[in-house]
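Please open the model in a viewer and keep the selection tool at hand.

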Amino acid sequence: MKKDIRVLLVEDDAADAELIKFALRDSGLGAFSWHRVEDREEFIRELEKFTPDLILSDYALPSFNGLTALELTRQICPEVPFVFVTGTMGEEVAIESLKKGATDYVLKTRLTRLTPAVKRAMREAQDRAERKQAEARLQESHEQLRALSTYLQFVREEERTRIAREVHDELGQAMTSLKMDVAWIGNRLPKAAKELHEKMRKMSAHIDTTIHTIRRISTELRPGVLDDLGLVAALEWQASEFQERTGIHCAVSSTAEETTFDQDINTTIFRIFQEILTNIIRHAGATYVDASLTEEDGCLTLVVKDNGRGISLHEITNTRSIGLVGMRERAALLGGDINYHGVAGKGTTVTVRIPLSHGPASRRQRSYAHTHSG
Ligand SMILES: Nc1ncnc2c1ncn2[C@@H]1O[C@H](COP(=O)(O)OP(=O)(O)O)[C@@H](O)[C@H]1O
Ligand SMILES: [Mg+2]
(Lines give C-alpha, C1' and ligand atoms only; values in the text may rest on other atoms or scores of the structure.)
(Ligands and ions follow the chains in the order given, each with its own letter.)
Protein backbone atom coordinates (compact mmCIF):
# COMPACT_ATOMS: atom_id res chain seq x y z
CA MET A 1 0.00 0.00 0.00
CA LYS A 2 1.29 3.42 -0.90
CA LYS A 3 2.16 5.64 2.03
CA ASP A 4 0.55 9.02 2.47
CA ILE A 5 2.54 11.94 1.20
CA ARG A 6 3.30 13.97 4.29
CA VAL A 7 2.98 17.68 3.68
CA LEU A 8 4.06 20.34 6.10
CA LEU A 9 2.06 23.46 5.32
CA VAL A 10 3.31 26.81 6.58
CA GLU A 11 0.17 28.95 6.31
CA ASP A 12 -1.60 31.29 8.72
CA ASP A 13 -4.81 31.58 6.70
CA ALA A 14 -7.09 28.58 7.22
CA ALA A 15 -9.12 29.36 4.10
CA ASP A 16 -5.99 29.50 1.94
CA ALA A 17 -4.89 26.21 3.46
CA GLU A 18 -8.15 24.61 2.36
CA LEU A 19 -7.74 25.99 -1.14
CA ILE A 20 -4.25 24.55 -1.35
CA LYS A 21 -5.43 21.12 -0.16
CA PHE A 22 -8.25 21.29 -2.64
CA ALA A 23 -5.88 22.12 -5.49
CA LEU A 24 -3.83 19.02 -4.79
CA ARG A 25 -6.79 16.70 -4.20
CA ASP A 26 -7.10 15.54 -7.81
CA SER A 27 -3.42 15.65 -8.61
CA GLY A 28 -3.15 11.87 -8.97
CA LEU A 29 -0.18 11.91 -6.60
CA GLY A 30 -2.05 9.83 -3.99
CA ALA A 31 -3.24 10.52 -0.49
CA PHE A 32 -1.84 13.39 1.55
CA SER A 33 -1.53 13.88 5.25
CA TRP A 34 -1.40 17.52 6.26
CA HIS A 35 0.26 19.32 9.14
CA ARG A 36 -0.27 23.03 9.25
CA VAL A 37 1.96 25.40 11.27
CA GLU A 38 2.01 29.16 11.67
CA ASP A 39 5.17 30.08 13.52
CA ARG A 40 8.77 29.18 14.01
CA GLU A 41 8.37 27.08 17.17
CA GLU A 42 5.64 24.94 15.64
CA PHE A 43 7.61 24.58 12.45
CA ILE A 44 10.76 23.36 14.21
CA ARG A 45 8.74 21.08 16.47
CA GLU A 46 7.09 19.42 13.46
CA LEU A 47 10.40 19.05 11.60
CA GLU A 48 11.95 17.39 14.62
CA LYS A 49 8.99 15.05 14.94
CA PHE A 50 9.12 13.79 11.36
CA THR A 51 10.70 14.50 8.00
CA PRO A 52 7.97 15.59 5.59
CA ASP A 53 7.90 14.58 1.93
CA LEU A 54 7.06 18.11 0.92
CA ILE A 55 6.93 21.58 2.42
CA LEU A 56 4.51 24.19 1.08
CA SER A 57 5.08 27.61 2.56
CA ASP A 58 3.48 31.02 2.49
CA TYR A 59 5.96 33.83 2.05
CA ALA A 60 4.88 36.46 4.58
CA LEU A 61 3.13 35.34 7.75
CA PRO A 62 2.21 37.53 10.73
CA SER A 63 4.63 35.80 13.09
CA PHE A 64 6.90 33.89 10.75
CA ASN A 65 8.72 34.33 7.51
CA GLY A 66 8.93 31.98 4.52
CA LEU A 67 12.62 32.59 3.93
CA THR A 68 13.42 31.64 7.52
CA ALA A 69 11.37 28.48 7.08
CA LEU A 70 13.41 27.77 3.97
CA GLU A 71 16.70 28.32 5.75
CA LEU A 72 15.65 26.07 8.63
CA THR A 73 14.58 23.38 6.17
CA ARG A 74 17.88 23.46 4.35
CA GLN A 75 19.67 23.05 7.71
CA ILE A 76 17.48 20.37 9.22
CA CYS A 77 16.41 18.32 6.20
CA PRO A 78 18.15 19.62 3.09
CA GLU A 79 16.65 17.02 0.78
CA VAL A 80 12.99 17.90 1.31
CA PRO A 81 11.39 19.81 -1.60
CA PHE A 82 10.24 23.28 -0.55
CA VAL A 83 7.66 25.16 -2.62
CA PHE A 84 6.46 28.67 -1.89
CA VAL A 85 2.72 29.10 -2.26
CA THR A 86 2.12 32.76 -1.83
CA GLY A 87 -0.25 35.60 -2.58
CA THR A 88 2.27 37.91 -4.15
CA MET A 89 5.85 37.40 -4.99
CA GLY A 90 7.88 39.88 -6.96
CA GLU A 91 10.29 38.55 -9.53
CA GLU A 92 13.32 39.57 -7.51
CA VAL A 93 12.09 37.89 -4.36
CA ALA A 94 11.22 34.78 -6.36
CA ILE A 95 14.73 34.58 -7.81
CA GLU A 96 16.25 35.21 -4.39
CA SER A 97 14.20 32.41 -2.84
CA LEU A 98 15.21 29.98 -5.60
CA LYS A 99 18.82 30.94 -5.04
CA LYS A 100 18.40 30.14 -1.36
CA GLY A 101 17.27 26.66 -2.24
CA ALA A 102 13.50 26.81 -2.78
CA THR A 103 12.39 24.17 -5.24
CA ASP A 104 9.70 26.31 -6.88
CA TYR A 105 7.07 28.95 -6.22
CA VAL A 106 3.37 29.11 -7.07
CA LEU A 107 1.05 32.09 -6.77
CA LYS A 108 -2.21 31.58 -4.91
CA THR A 109 -3.98 33.21 -7.84
CA ARG A 110 -2.67 30.44 -10.07
CA LEU A 111 -3.21 27.34 -7.97
CA THR A 112 -3.64 25.23 -11.12
CA ARG A 113 0.14 25.39 -11.33
CA LEU A 114 0.46 23.74 -7.95
CA THR A 115 0.00 20.14 -9.10
CA PRO A 116 2.64 20.20 -11.87
CA ALA A 117 5.02 22.10 -9.59
CA VAL A 118 4.61 19.57 -6.77
CA LYS A 119 4.90 16.63 -9.15
CA ARG A 120 8.12 17.95 -10.55
CA ALA A 121 9.52 18.79 -7.10
CA MET A 122 8.78 15.32 -5.78
CA ARG A 123 10.18 13.59 -8.85
CA GLU A 124 13.37 15.59 -8.55
CA ALA A 125 13.65 14.78 -4.86
CA GLN A 126 13.25 11.11 -5.63
CA ASP A 127 15.88 11.27 -8.37
CA ARG A 128 18.22 12.94 -5.92
CA ALA A 129 17.58 10.28 -3.31
CA GLU A 130 18.21 7.52 -5.84
CA ARG A 131 21.40 9.19 -6.98
CA LYS A 132 22.54 9.43 -3.39
CA GLN A 133 21.81 5.76 -2.87
CA ALA A 134 23.75 4.84 -5.99
CA GLU A 135 26.67 6.91 -4.76
CA ALA A 136 26.56 5.19 -1.40
CA ARG A 137 26.56 1.80 -3.11
CA LEU A 138 29.50 2.83 -5.25
CA GLN A 139 31.36 4.03 -2.19
CA GLU A 140 30.64 0.78 -0.44
CA SER A 141 31.89 -1.33 -3.30
CA HIS A 142 34.98 0.84 -3.47
CA GLU A 143 35.63 0.12 0.18
CA GLN A 144 35.12 -3.57 -0.37
CA LEU A 145 37.63 -3.53 -3.20
CA ARG A 146 40.07 -1.77 -0.97
CA ALA A 147 39.64 -4.33 1.80
CA LEU A 148 40.11 -7.07 -0.77
CA SER A 149 43.25 -5.41 -2.07
CA THR A 150 44.60 -5.13 1.47
CA TYR A 151 43.86 -8.75 2.05
CA LEU A 152 45.46 -9.84 -1.20
CA GLN A 153 48.60 -7.82 -0.47
CA PHE A 154 48.74 -9.38 2.94
CA VAL A 155 48.34 -13.01 1.84
CA ARG A 156 50.71 -12.47 -1.04
CA GLU A 157 53.40 -11.20 1.26
CA GLU A 158 52.74 -13.95 3.77
CA GLU A 159 52.95 -16.58 1.05
CA ARG A 160 56.15 -15.14 -0.35
CA THR A 161 57.68 -15.22 3.11
CA ARG A 162 56.65 -18.81 3.63
CA ILE A 163 57.86 -19.99 0.21
CA ALA A 164 61.11 -18.06 0.63
CA ARG A 165 61.76 -19.82 3.90
CA GLU A 166 60.82 -23.21 2.61
CA VAL A 167 62.93 -22.88 -0.52
CA HIS A 168 65.84 -21.60 1.49
CA ASP A 169 65.65 -24.13 4.30
CA GLU A 170 64.43 -27.31 2.65
CA LEU A 171 66.06 -27.06 -0.76
CA GLY A 172 69.13 -25.37 0.66
CA GLN A 173 69.70 -28.14 3.17
CA ALA A 174 69.04 -30.88 0.63
CA MET A 175 71.65 -29.36 -1.67
CA THR A 176 74.18 -28.99 1.11
CA SER A 177 73.90 -32.62 2.11
CA LEU A 178 74.08 -33.63 -1.55
CA LYS A 179 77.28 -31.66 -1.83
CA MET A 180 78.71 -33.46 1.18
CA ASP A 181 77.76 -36.84 -0.26
CA VAL A 182 79.41 -36.00 -3.54
CA ALA A 183 82.55 -34.99 -1.66
CA TRP A 184 82.41 -38.24 0.33
CA ILE A 185 82.24 -40.33 -2.83
CA GLY A 186 84.95 -38.22 -4.45
CA ASN A 187 87.29 -38.96 -1.57
CA ARG A 188 86.80 -42.70 -2.01
CA LEU A 189 87.32 -42.89 -5.76
CA PRO A 190 90.52 -44.58 -6.91
CA LYS A 191 93.17 -41.97 -7.76
CA ALA A 192 93.54 -43.32 -11.26
CA ALA A 193 89.86 -42.81 -12.19
CA LYS A 194 90.51 -39.39 -13.75
CA GLU A 195 87.27 -39.27 -15.69
CA LEU A 196 85.20 -39.98 -12.60
CA HIS A 197 87.08 -37.31 -10.63
CA GLU A 198 86.39 -34.80 -13.38
CA LYS A 199 82.70 -35.74 -13.34
CA MET A 200 82.61 -35.35 -9.53
CA ARG A 201 84.18 -31.91 -9.76
CA LYS A 202 81.55 -30.83 -12.30
CA MET A 203 78.74 -32.21 -10.14
CA SER A 204 80.02 -30.34 -7.13
CA ALA A 205 80.27 -27.11 -9.12
CA HIS A 206 76.76 -27.64 -10.41
CA ILE A 207 75.49 -28.09 -6.87
CA ASP A 208 77.21 -24.83 -5.88
CA THR A 209 75.42 -22.92 -8.64
CA THR A 210 72.15 -24.49 -7.62
CA ILE A 211 72.67 -23.44 -4.00
CA HIS A 212 73.40 -19.97 -5.24
CA THR A 213 70.22 -19.95 -7.33
CA ILE A 214 68.15 -21.17 -4.41
CA ARG A 215 69.47 -18.34 -2.26
CA ARG A 216 68.75 -15.82 -4.98
CA ILE A 217 65.20 -17.04 -5.51
CA SER A 218 64.42 -17.05 -1.83
CA THR A 219 65.91 -13.60 -1.34
CA GLU A 220 63.99 -12.23 -4.30
CA LEU A 221 60.78 -13.61 -2.85
CA ARG A 222 61.41 -11.92 0.45
CA PRO A 223 64.81 -10.76 1.60
CA GLY A 224 65.54 -12.30 4.99
CA VAL A 225 67.42 -9.17 5.95
CA LEU A 226 64.10 -7.33 6.10
CA ASP A 227 62.85 -9.61 8.86
CA ASP A 228 66.20 -10.23 10.52
CA LEU A 229 67.96 -6.87 10.44
CA GLY A 230 65.16 -4.43 9.76
CA LEU A 231 64.11 -1.86 7.22
CA VAL A 232 67.20 0.30 6.97
CA ALA A 233 69.46 -2.71 6.48
CA ALA A 234 67.08 -4.07 3.86
CA LEU A 235 67.04 -0.78 1.96
CA GLU A 236 70.83 -0.66 2.04
CA TRP A 237 71.04 -4.23 0.87
CA GLN A 238 68.59 -3.56 -1.97
CA ALA A 239 70.51 -0.44 -2.98
CA SER A 240 73.82 -2.27 -3.21
CA GLU A 241 72.21 -5.12 -5.18
CA PHE A 242 70.77 -2.54 -7.52
CA GLN A 243 74.07 -0.76 -7.92
CA GLU A 244 75.91 -3.98 -8.61
CA ARG A 245 73.38 -5.14 -11.15
CA THR A 246 72.88 -1.87 -13.04
CA GLY A 247 76.02 0.17 -12.48
CA ILE A 248 73.79 3.07 -11.35
CA HIS A 249 75.20 4.62 -8.20
CA CYS A 250 72.71 4.22 -5.35
CA ALA A 251 73.10 5.68 -1.86
CA VAL A 252 70.83 5.18 1.15
CA SER A 253 70.89 7.38 4.21
CA SER A 254 68.70 7.30 7.27
CA THR A 255 68.14 9.75 10.08
CA ALA A 256 65.28 7.71 11.52
CA GLU A 257 65.81 6.88 15.16
CA GLU A 258 64.73 3.30 14.69
CA THR A 259 66.15 0.94 12.12
CA THR A 260 63.07 -1.18 11.88
CA PHE A 261 59.33 -0.71 12.26
CA ASP A 262 56.06 -2.52 12.38
CA GLN A 263 56.13 -5.35 9.84
CA ASP A 264 53.44 -3.78 7.62
CA ILE A 265 55.45 -0.58 7.41
CA ASN A 266 58.72 -2.42 6.73
CA THR A 267 57.12 -4.38 3.92
CA THR A 268 55.28 -1.43 2.41
CA ILE A 269 58.29 0.89 2.32
CA PHE A 270 60.56 -1.87 1.08
CA ARG A 271 58.23 -2.99 -1.73
CA ILE A 272 57.66 0.58 -2.84
CA PHE A 273 61.42 1.17 -2.87
CA GLN A 274 61.88 -1.89 -5.08
CA GLU A 275 59.19 -0.64 -7.45
CA ILE A 276 60.80 2.82 -7.62
CA LEU A 277 64.18 1.26 -8.44
CA THR A 278 62.61 -0.92 -11.13
CA ASN A 279 61.10 2.18 -12.69
CA ILE A 280 64.46 3.91 -12.59
CA ILE A 281 66.09 1.02 -14.45
CA ARG A 282 63.32 0.89 -17.01
CA HIS A 283 62.50 4.53 -17.61
CA ALA A 284 64.82 7.08 -16.06
CA GLY A 285 68.18 6.73 -17.80
CA ALA A 286 69.72 7.89 -14.54
CA THR A 287 73.32 7.49 -13.38
CA TYR A 288 72.68 8.35 -9.74
CA VAL A 289 70.02 7.51 -7.16
CA ASP A 290 69.79 8.95 -3.69
CA ALA A 291 67.42 7.53 -1.10
CA SER A 292 66.82 8.91 2.38
CA LEU A 293 64.64 7.76 5.21
CA THR A 294 63.53 10.24 7.85
CA GLU A 295 61.22 10.14 10.81
CA GLU A 296 59.38 13.33 11.61
CA ASP A 297 56.06 14.37 13.16
CA GLY A 298 55.06 10.75 13.63
CA CYS A 299 55.63 10.01 9.97
CA LEU A 300 58.18 7.85 8.24
CA THR A 301 59.28 9.44 4.98
CA LEU A 302 61.24 7.85 2.17
CA VAL A 303 62.53 10.20 -0.52
CA VAL A 304 64.10 8.67 -3.63
CA LYS A 305 65.75 11.01 -6.15
CA ASP A 306 67.21 10.08 -9.49
CA ASN A 307 69.02 12.24 -12.02
CA GLY A 308 67.28 10.84 -15.08
CA ARG A 309 64.95 12.30 -17.68
CA GLY A 310 62.23 13.27 -15.18
CA ILE A 311 58.71 11.84 -15.05
CA SER A 312 56.09 14.02 -16.76
CA LEU A 313 52.81 15.23 -15.30
CA HIS A 314 50.99 13.20 -17.91
CA GLU A 315 52.74 10.00 -16.80
CA ILE A 316 51.98 10.76 -13.15
CA THR A 317 48.27 11.32 -13.72
CA ASN A 318 47.80 8.56 -16.29
CA THR A 319 45.43 5.99 -14.81
CA ARG A 320 47.15 3.33 -16.89
CA SER A 321 50.36 3.80 -14.90
CA ILE A 322 49.56 0.65 -12.99
CA GLY A 323 52.88 0.60 -11.15
CA LEU A 324 52.31 4.09 -9.77
CA VAL A 325 48.70 3.28 -8.90
CA GLY A 326 49.86 0.17 -7.05
CA MET A 327 52.43 2.11 -5.02
CA ARG A 328 49.84 4.75 -4.15
CA GLU A 329 47.41 2.05 -3.05
CA ARG A 330 50.06 0.32 -0.93
CA ALA A 331 50.83 3.58 0.87
CA ALA A 332 47.14 4.42 1.28
CA LEU A 333 46.48 1.08 2.95
CA LEU A 334 48.62 2.27 5.84
CA GLY A 335 47.05 5.73 5.82
CA GLY A 336 50.01 7.22 3.96
CA ASP A 337 50.53 8.84 0.59
CA ILE A 338 53.01 9.06 -2.22
CA ASN A 339 54.06 11.96 -4.36
CA TYR A 340 55.88 11.96 -7.71
CA HIS A 341 57.68 14.98 -9.00
CA GLY A 342 59.66 15.25 -12.20
CA VAL A 343 61.75 17.99 -13.77
CA ALA A 344 62.42 17.38 -17.45
CA GLY A 345 66.06 16.47 -18.01
CA LYS A 346 66.87 16.83 -14.32
CA GLY A 347 65.30 13.81 -12.65
CA THR A 348 62.47 12.41 -10.62
CA THR A 349 61.73 12.60 -6.90
CA VAL A 350 59.37 10.15 -5.26
CA THR A 351 58.24 10.91 -1.70
CA VAL A 352 56.49 8.25 0.37
CA ARG A 353 54.95 9.19 3.70
CA ILE A 354 53.60 6.61 6.13
CA PRO A 355 52.21 7.58 9.53
CA LEU A 356 53.81 5.56 12.31
CA SER A 357 50.70 5.50 14.45
CA HIS A 358 48.33 3.11 12.83
CA GLY A 359 45.42 4.43 10.84
CA PRO A 360 42.14 2.57 10.61
CA ALA A 361 43.17 0.96 7.32
CA SER A 362 45.90 -1.04 8.92
CA ARG A 363 43.71 -2.18 11.76
CA ARG A 364 41.16 -3.32 9.23
CA GLN A 365 43.88 -5.24 7.45
CA ARG A 366 44.80 -7.12 10.59
CA SER A 367 41.31 -8.09 11.55
CA TYR A 368 40.56 -9.07 7.98
CA ALA A 369 43.67 -11.18 7.72
CA HIS A 370 42.88 -12.64 11.06
CA THR A 371 39.35 -13.72 10.18
CA HIS A 372 40.36 -15.13 6.82
CA SER A 373 43.56 -16.94 7.50
CA GLY A 374 41.64 -19.33 9.73
N1 LIG B 1 62.01 7.42 -12.35
C2 LIG B 1 61.33 7.69 -13.48
N3 LIG B 1 61.85 8.50 -14.42
C4 LIG B 1 61.17 8.77 -15.55
N5 LIG B 1 59.96 8.28 -15.85
C6 LIG B 1 59.38 7.46 -14.97
C7 LIG B 1 60.03 7.11 -13.74
N8 LIG B 1 59.20 6.29 -13.06
C9 LIG B 1 58.11 6.14 -13.82
N10 LIG B 1 58.21 6.82 -14.99
C11 LIG B 1 57.20 6.93 -16.06
O12 LIG B 1 55.93 6.69 -15.47
C13 LIG B 1 55.28 5.64 -16.17
C14 LIG B 1 54.42 4.85 -15.23
O15 LIG B 1 55.18 4.03 -14.37
P16 LIG B 1 54.58 2.64 -13.92
O17 LIG B 1 53.18 2.88 -13.47
O18 LIG B 1 55.49 2.02 -12.95
O19 LIG B 1 54.47 1.82 -15.26
P20 LIG B 1 55.51 0.84 -15.99
O21 LIG B 1 54.82 -0.47 -16.03
O22 LIG B 1 55.69 1.45 -17.36
O23 LIG B 1 56.76 0.82 -15.17
C24 LIG B 1 56.38 4.84 -16.81
O25 LIG B 1 55.92 4.17 -17.95
C26 LIG B 1 57.40 5.92 -17.17
O27 LIG B 1 57.04 6.51 -18.39
MG1 LIG C 1 56.82 0.33 -13.11
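**A guided tour of the chain**

Begin by selecting Asp297, which is placed in the loop between β9 and β10; helices (H or I, at least four residues) and strands (E, at least two) are DSSP runs, numbered from the N terminus. This is a predicted model, in which local features need pLDDT of at least 70 and side-chain atom pairs count only at pLDDT 80 or more, while totals for chains, interfaces and linings use all residues. Residues are numbered from 1 along each chain as its sequence is written, and chains are lettered from A and ligands numbered from 1 in the order in which they are written.

Is Asp297 buried or exposed? Asp297 counts as exposed because it has 8 C-beta neighbours inside 10 Å. A residue is buried if 20 or more other C-beta atoms lie within 10 Å of its own, exposed if 12 or fewer, and partly exposed in between, with C-beta atoms placed from the backbone. Asp297 is not a glycine, yet its phi is positive, at about 50 degrees. Most residues other than glycine have a negative phi.

**The whole chain**

Now zoom out. The chain has 12 helices and 12 strands. Its C-alpha atoms fill a box of roughly 125 × 50 × 35 Å along the principal axes. The radius of gyration is 36 Å, whereas a compact globule of 374 residues would have one near 21 Å; the value is taken over C-alpha atoms, and the globule rule is 2.2 Å times the number of residues to the power 0.38.

Colour residues 5–133 as domain 1 and 226–374 as domain 2; these bounds come from an automatic or database domain assignment. The centres of the two domains, taken over C-alpha atoms, are 57 Å apart.

**The nonpolar cores**

Select Leu235, Ile269, Phe273 and Ala291, the residues with the most contacts inside the largest nonpolar core, which has 34 residues. Such a core is a set of buried Ala, Val, Leu, Ile, Met, Phe, Trp, Tyr and Cys residues joined through C-beta atoms within 7 Å. Elements that each supply at least two residues of this core include α8 (231–246), β8 (249–254) and β12 (347–355). The largest share, 8 residues, comes from α9. Apart from this core lies another, of 28 residues, among them Leu9, Leu61, Ala69 and Leu114.

Return to Phe273: leaving out residues up to four places away in sequence, Phe273 touches Leu235, Gln238, Ala291, Leu302 and Val304. Two residues are in contact if their C-beta atoms, placed from the backbone, lie within 7 Å.

Ala251 is in strand β8 and counts as partly exposed, with 14 C-beta neighbours inside 10 Å. Beyond its neighbours within four places in sequence, Ala251 is in contact with Ala239, Asp290 and Ala291.

Pro355 lies in strand β12 and is also partly exposed, with 16 C-beta neighbours inside 10 Å. Not counting residues up to four places away in sequence, Pro355 touches Gly298, Cys299, Gly335 and Gly336.

**The ligand**

Finally, select ligand 1. Which residues come nearest to ligand 1? Of the 15 residues around ligand 1, these are Asn279, Ala284, Glu315, Ser321 and Gly323; a residue is near a molecule if its C-beta atom, placed from the backbone, lies within 6 Å of it. The elements giving two or more residues to this shell are α9 (263–284) and α11 (322–333), and α9 gives the most, with 5 residues.
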